[in-house]
Amino acid sequence: FGKVRTMTDDQGKSIQNLKPSMVALITGLSEVPPAGSVLIGVENDSIARLQAQKRATYLRQKALSKSTKVSFDELSEMVANKELKNIPVVIKADTQGSLEAIKNSLLELNNEEVAIQVIHSGVGGITENDLSLVSSSEHAVILGFNIRPTGNVKNKAKEYNVSIKTYTVIYALIEEMRSLLLGLMSPIIEEEHTGQAEVRETFNIPKVGTIAGCVVSDGVIARGIKARLIRDGVVVHTGEILSLKRFKDDVKEVSKGYECGIMLENYNEIKVGDVFETYKEIHKKRTL
């Protein structure tokens, strides 16, 4: 806002009034308005200041509202990056039967870790009220079955930056949401035992660390694999095998019955009688 101090027309002449279709260069505003802005004349500075504050508040809230909206592709990316644990949706369908079938199928996918949150559902086309509801809910999307956004709703969806996904097959809708939820879920981590070695002797090498002289009693011991150091049945350390040797040679793995030298990463408190237990972590996708 501001107080008009000078006005000059396109010829550079000073003018006192600006009439329709006229152009002018105005000075006195507190900041340069963006192109397309509308200037409104009011009676005094107090009214101008109040109107400017209201407008600024509206624009700030609108920007914040838009900043939380995501496209379906962006939502998928957030899922892949583990940034979400639930997906708010508005569901619209052509019939009550279709609507109930979709809602029930989606809610059956929910579990303790991830969920689809139905914030609204209804029969019929997408309305401006649906758009307003989604625009006020973080990361929400609209799912439509046998309906299409048209006219003003389509334009408003772009304005509000609301993501709308429509389907003609219920199975396709359910499977796409199932895939999204699976992306939200942490994988099942299973362990596969790979080897075991018993410590028979230890060697403290200056500036290097402790090397354990071992005999592989089960499976295969491999360099770089995860290992637990067990003492009297208690795990005293978990880490990776940093170095693996056969006599003086570095090797990738040592099989059952052979001797080897093992050095753990960042751990030297190894004692005779300790046992190395090595394992691999296998990540498996969950199912719904």
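Analyst: Start with confidence. pLDDT is the predictor's confidence in each residue, from 0 to 100. This is a predicted model. The mean pLDDT of the protein is 83, and 85% of its residues reach 70 or more. Over residues 62–69, pLDDT is below 50. Beyond near neighbours in sequence, that stretch has 16 contacts in the model.

User: What makes R228 sit over the ring of Y279?

Analyst: The cut-off for CZ of Arg is within 6 Å of the ring centre. The charged end of R228 is 4.1 Å from the centre of the Y279 ring. The distance meets the cut-off, so R228 counts as sitting over Y279.

User: Which residues lie nearest the centre of the second largest pocket?

Analyst: F203, G213, F247, C260 and G261. The lining has 14 residues. β7, β8, β10 and β13 each give two or more of them. The pocket's volume is about 310 Å³.

User: How does that lining divide into nonpolar, polar and charged?

Analyst: Into 7 nonpolar, 2 polar and 5 charged. Gly counts as polar.

Definitions and conventions. Residues are numbered from 1 along each chain as its sequence is written. This is a predicted model: local features need pLDDT of at least 70, side-chain atom pairs count only at pLDDT 80 or more; totals for chains, interfaces and linings use all residues. Side-chain values use heavy atoms; hydrogens and water are left out. A charge sits over a ring if NZ of Lys or CZ of Arg is within 6 Å of the ring centre and within 35 degrees of the ring normal. On a 1 Å grid over the protein atoms alone, a cavity is a set of points where a 1.4 Å probe fits but cannot get out, and a pocket is an open set with protein on both sides within 12 Å along at least five of seven lines; lining residues have an atom within 4 Å of a point. Grid points are joined across faces, edges and corners, and a volume is the space filled by probe spheres set on the points. Helices (H or I, at least four residues) and strands (E, at least two) are DSSP runs, numbered from the N terminus. Contact means heavy atoms within 4.5 Å.
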